[in-house]
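Here are my notes on this model for your first read-through. Please keep the 3D view open as you go.

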Amino acid sequence: MKEKYIADRITELRLKKNVSEYRMSLDLGHSNSYIRSITSGKALPSMSEFLYICDYFGITPKEFFDEDLKNTEQIKHLYDLAKKLSYDDLSALINMAERLSSK
């Protein structure tokens, strides 16, 4: 995995959250340039800091590295709703999703 991916992914998630590098750095308890140093490629977060960053965005490390996963908040919401469905309703939802994804 290239360092650029980590920098770009943090930027992508930060923009979706509509927070500045400055604000995110302070929210994580660092100097105001911490996130900028990561997104510019000058530094990488430690493993513990990476986990804090994932928590900050409300995602798992797996979701962070899943390049195909977009709209994580909506997917989590759908998952939470789907867990409450009956077998028949869940099957209907799967059928609808399969139809929509084949368009």
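1. At 44% relative accessibility, Ile 94 counts as partly exposed. (Buried means under 20% relative accessible area, exposed over 50%, and partly exposed in between, with a 1.4 Å probe and protein chains only.) Ile 94 sits in helix α7, residues 87-101. Helices here are DSSP runs of H or I with at least four residues, and strands are runs of E with at least two, numbered from the N terminus.

2. With Leu 85 and Leu 90 it forms a nonpolar surface patch of about 220 Å² of accessible area together. Patch members have over 30% relative accessible area and no salt bridge; like charges are joined within 9 Å, nonpolar side chains (Val, Leu, Ile, Met, Phe, Trp, Tyr) within 5 Å. Areas come from the Shrake-Rupley method with a 1.4 Å probe, and for residues only the protein chains shown count as cover.

3. A word on the source. This is a predicted model: local features need pLDDT of at least 70, side-chain atom pairs count only at pLDDT 80 or more, and totals for chains, interfaces and linings use all residues. Residues are numbered from 1 along each chain as its sequence is written, and side-chain values use heavy atoms, leaving out hydrogens and water.

4. Now go inside. The largest nonpolar core has 17 residues. (Such a core is a set of buried Ala, Val, Leu, Ile, Met, Phe, Trp, Tyr and Cys residues joined through side-chain atoms within 4.5 Å.) Helices α1, α3 and α4 each supply at least two of its residues. The largest share, five residues, comes from α4.

5. Phe 64 is among the residues with the most contacts inside that core. Its partners beyond four places in sequence include Tyr 5, Ile 10, Phe 50 and Cys 54. Contact means heavy atoms within 4.5 Å.

6. Is Arg 14 buried or exposed? Arg 14 counts as buried, at 10% relative accessibility. This residue of helix α1 touches Met 24, Ile 35 and Phe 57, among others.

7. Asn 18 lies in the loop between α1 and α2 and is exposed, at 71%.

8. Finally, charges. The structure holds seven salt bridges, each a side-chain nitrogen of Lys or Arg within 4 Å of a carboxyl oxygen of Asp or Glu. One joins Asp 8 and Lys 4 at 2.9 Å, N to O. Both lie in α1, four residues apart, about one turn of the helix.
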